[in-house]
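Subject: Handover of a structure and its findings

Dear colleague,

Please find the structure below, handed over for your records.

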Amino acid sequence: MISLIDSQKSAANDTAVVQRLARAIALSDGEFSLLLACCNSVGKQEQVLSLLKEFSTADIQKIVLSPKVETLYTNVVSALGSAQPDALVIRGLESVKQINQLIISTNFMRDEFAKQFKFPLILFVNEEILRKLIWLAPDLKDWAACTLRFEGSFQRNFLNCW
């Protein structure tokens, strides 16, 4: 059972992590970066995004991937067109049926992301997707400037950033 004190600590940790994410977006200054937000709960992802809006005035766009998507790069290009938001959040990786193919193709296209996008790309991943990134696309995973980890129970949050 989580006590009130644990809940308060968890909320404070969540807030601190989201503030760091907002700061990373603000400091990107028109440069591409890859940020990973590891969260096993879709509901918690929504809470994080809601809190992020409180701490950031940036134009943060969101794409929720279809289970049928096969490549991340082409999906982002077609969703954005010529727009260059201040940041882009990608959700729905856990529902992609051909996730291994998507991860491998994203790894191959990683240089194109930096060439074409002048904003941070925030990928919401769960533990399984994070393991697949490490296994199937270690170069892409190493490219991530920051990995934010939200535990499912929210008893603790870990930040591995810079």
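Surface patches are made of residues with over 30% relative accessible area and no salt bridge; like charges are joined within 9 Å, and nonpolar side chains (Val, Leu, Ile, Met, Phe, Trp, Tyr) within 5 Å. Accessible areas come from the Shrake-Rupley method with a 1.4 Å probe, and for residues only the protein chains shown count as cover. A salt bridge is a side-chain nitrogen of Lys or Arg within 4 Å of a carboxyl oxygen of Asp or Glu.

The model is predicted: local features need pLDDT of at least 70, side-chain atom pairs count only at pLDDT 80 or more, and totals for chains, interfaces and linings use all residues. Residues are numbered from 1 along each chain as its sequence is written, and side-chain values use heavy atoms, with hydrogens and water left out.

Surface

Ile104, Phe108 and Met109 make a nonpolar surface patch of about 290 Å². Of these, Phe108 lies in helix H4, where helices (H or I, at least four residues) and strands (E, at least two) are DSSP runs numbered from the N terminus. Phe108 has a relative accessible area of 68% and is therefore exposed, the classes being buried under 20% relative accessible area, exposed over 50% and partly exposed in between (1.4 Å probe, protein chains only). The protein has an accessible surface of about 8700 Å², and carbon and sulfur atoms account for 51% of that area.

Overall architecture

The protein contains seven helices and six strands. Their order from the N terminus is α-β-α-β-α-β-α-α-β-α-α-β-β. Of the 162 residues, 43% are buried. Contact here means heavy atoms within 4.5 Å; among contacts with a separation of 6 or more, 82% are between residues 24 or more positions apart.

Nonpolar cores

In soluble globular proteins, nonpolar side chains tend to be buried together. A nonpolar core is a set of buried Ala, Val, Leu, Ile, Met, Phe, Trp, Tyr and Cys residues joined through side-chain atoms within 4.5 Å. The largest such core has 30 residues, and Ile90 and Leu123 touch the most other members. At least two residues of this core come from each of strand S1 (33-39), helix H3 (72-80), strand S3 (87-91), helix H4 (99-108), strand S4 (120-125) and helix H6 (127-136). The greatest contribution is that of H3, with four residues. Another core, of 19 residues, lies apart from it and includes Val18, Ala24, Leu52 and Leu148.

With neighbours within four places in sequence left aside, the contacts of Ile90 are Ile63, Leu65, Leu72, Val76, Leu121, Ile122, Leu123 and Phe124.

Helix H4 also has a buried side, comprising Ile99, Leu102, Ile103, Ser105, Thr106 and Asn107 as its buried residues. Their cover includes H3, helix H5 (110-116), H6 and helix H7 (138-143).

Salt bridges

Side chains of opposite charge can pair when their charged atoms come close. The count of salt bridges in this model is six.

Glu46 and Lys62 are joined by one of them, at 3.4 Å from N to O. This pair connects distant parts of the chain, with Glu46 in helix H2 (residues 42-55) and Lys62 in strand S2 (residues 60-64), 16 residues apart. Both ends are partly exposed: Glu46 has 34% relative accessibility, and Lys62 has 44%.

Arg91 also pairs with Glu46, the closest N and O atoms lying 2.2 Å apart. Arg91 belongs to strand S3 and Glu46 to helix H2, so this bridge ties together parts that are 45 residues apart in sequence. Arg91 is buried, at 6% relative accessibility.

Because Glu127 lies in helix H6 and Arg149 in strand S5 (residues 146-150), the pair ties together parts that are 22 residues apart in sequence. Glu127 is partly exposed, at 22% relative accessible area, and Arg149 is partly exposed at 22%.

Gln45 lies in helix H2 and counts as buried, at 2% relative accessibility. Leaving aside neighbours within four places in sequence, Gln45 is in contact with Cys39, Arg91, Glu94 and Phe124. Gln45 and Phe124 are 79 residues apart in sequence, and their C-alpha atoms are 7.5 Å apart in space.

With kind regards
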